[in-house]
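Hello,

Here is the structure I promised to pass on to you. Please have a look at it first, and then read my notes below.

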Amino acid sequence: MNLQHFIILIIAQLATAFNDNFTEKELWIEQKLDHFDENETRTWQMRYSESDTFYKPGGPILINVNGEWPLAVKSELCGMFYELAEKFNAYAFQTEHRYYGNSHPVQNLTAENLQYLTMKQALADLAHFVRHQKASVPGLANSKVIMIGCSYAGSMVAYFRKDYPELIDGGWSSCAGLYYRLDYSDAYISVGKSIRKIGGDACYDQVDHFSKAYLKHKKANDENYTLLQQLNLTVEYNNMDEIIATHVQHRNISMFQRICINITAVDSNDIVEFGLVLKHLSSKIPEVGNKDEIEFSEDHSTRQYFYQSCNEFGNFQTTSSQHQPFGDRKPFSTLIAQCKEDFGPKFTIEYISKKVDEINALYGGSRPNVDHIYFTKAEDDPWRWTGIVDECATVIPGIAHCHDLRTRSPNDPPALAAAKQKGFDLIESWINGGGNTRETLTKC
């Protein structure tokens, strides 16, 4: 499993009717299997949605770029997409990433078939999509193009502007990872800091205590470990880093404070009771898939994203640092070895390191030097430290990963409300062809 991968599951959970007046049609577009090999003639069908509910002639094209999750129609996390469509009378689309959801370029997920799962291929899919819609939908030939996306999709928005500047006039990139490395131990260090900041030292110390206690009992295979096995609580303890980190990443401050109240209420000697707390927290997270599953599933995409991590991104969330509360339950060496085991002998640490260096060199890491892109970051998001340098982004306190792309609310804290308004203002300037479009990116 993977911290970023949980965005898939949270989005799927939050699929709900956002605007009863907004209607979307599910459609399909033919794509090349390999955009960069003239000898490869195979094609496949990519799923997308289309809406002209708010469109008026002269309005822009608005594309909500989806990442490593199924096409999220009417999801609460996409609220800003619907607001922008209405505000700017946009012709609205959502795109589904190749290999995810129901967009299947190949029959199954064998290592050989996964070779066409790259971000460059996905960006080329987007380029073909934009060209096709401009050419085939009446009135869109000269429309401005605005893209929004969060997390991995936010990275794609930024990189699309870099690779295909003629096809995009502006974009909103929320909580995007842009700087890649092999060992991203900063993820769990950041989770630990957030636990201290939001829940206090008592919450952090309780997590640290039970994490170490469990690993000790597991190693000794003693009666406490046997009891946890009998009560089916070992799975929760084995995954406690991901369970707690997921709640840190996706819950706002008030929600995580309530979680810490439950954590600190457990007696420090009651390893069963803490396991039950973990089980409750785990129940709030949808079930994930397995990296060994080679058949497609609309809801599970663990194998696909792990392949992208091994073949492009790195950023393996490990517990190799001592400055986090989960012990050494997920060492770097284990995750690297899993790449070779799952996808073949070429996936050595040297190969993966080379791939990570290539993507940083190609796109600039934390200083991508792109214009017309509005970058936002959540202050306590574990992925903040993979993003653009802070001085080139609007860093928003008190929210979780990608929450700035939810619909605006009178209850939004002032910093969040201001960040959302800034996004609206910038997009309006890009649609109208004016405004200070580079912002502070001359330093990036």
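**Strand pairing around β4**

Ser51 has Ala92 in β4 as its bridge partner. Before I go on, a word on the basis: this is a predicted model, in which local features need pLDDT of at least 70 and side-chain atom pairs count only at pLDDT 80 or more, while totals for chains, interfaces and linings use all residues. Residues are numbered from 1 along each chain as its sequence is written, and side-chain values use heavy atoms, with hydrogens and water left out.

The bridge at Ser51 belongs to a pairing of strand β2 (residues 43-51) with β4, antiparallel and made of four bridges. Here two strands pair if DSSP finds at least two bridges between them; the strands (E, at least two residues) and helices (H or I, at least four) are DSSP runs, numbered from the N terminus. Strand β3 (residues 61-65) is joined to β4 by five bridges, and these two run parallel. Within β4, Phe93 is the bridge partner of Ile63.

Buried means under 20% relative accessible area, exposed over 50%, and partly exposed in between, with a 1.4 Å probe and protein chains only. Tyr91, Phe93 and Thr95 point to one side of β4, Ala92 and Gln94 to the other, and all are buried.

**The whole sheet and the helices on it**

The open sheet has eight strands in the order β1-β2-β4-β3-β5-β6-β7-β8, with mixed pairing. Its edge strands, each pairing on one side only, are β1 (25-32) and β8 (394-396). From one strand to the next the twist averages 20°.

Contact means heavy atoms within 4.5 Å. Axes are lines fitted to C-alpha atoms, for helices over the stretch in contact, and angles run from 0 to 180 degrees between N-to-C directions.

Gly192, Ile195, Arg196 and Gly199 in α5 meet Asp201, Cys203, Tyr204 and Asp205 in α6. By class, this contact has three nonpolar, two polar and three charged residues. Ala, Val, Leu, Ile, Met, Phe, Trp, Tyr, Cys and Pro count as nonpolar, Asp, Glu, Lys and Arg as charged, and the others, Gly among them, as polar.

For α9 (residues 240-250) and α11 (residues 271-283), the axes come within 10 Å and cross at roughly 55°; the pair is therefore oblique. Met240, Ile243, Ile244 and His247 in α9 meet Phe274, Leu278, Leu281 and Ser282 in α11, a set that divides into six nonpolar, two polar and no charged residues.

Helices α12 (residues 302-313) and α13 (residues 332-343) pack at about 115°, their axes 10 Å apart, and are therefore roughly perpendicular to each other. Arg303, Phe306, Tyr307 and Cys310 in α12 meet Leu335, Gln338, Cys339, Asp342 and Phe343 in α13. The contact of α12 with α13 divides into six nonpolar, one polar and two charged residues.

**Some loop residues**

Asn315 lies in the loop between α12 and α13. Its phi is near 55°, a positive value in a residue other than glycine, and at 5% relative accessibility Asn315 counts as buried. His372, in the loop between α14 (349-363) and β7, has a positive phi too, near 60°, and counts as buried at 18% relative accessibility.

Best wishes

Notes: Parallel < 35°, antiparallel > 145°, perpendicular 65-115°, else oblique.
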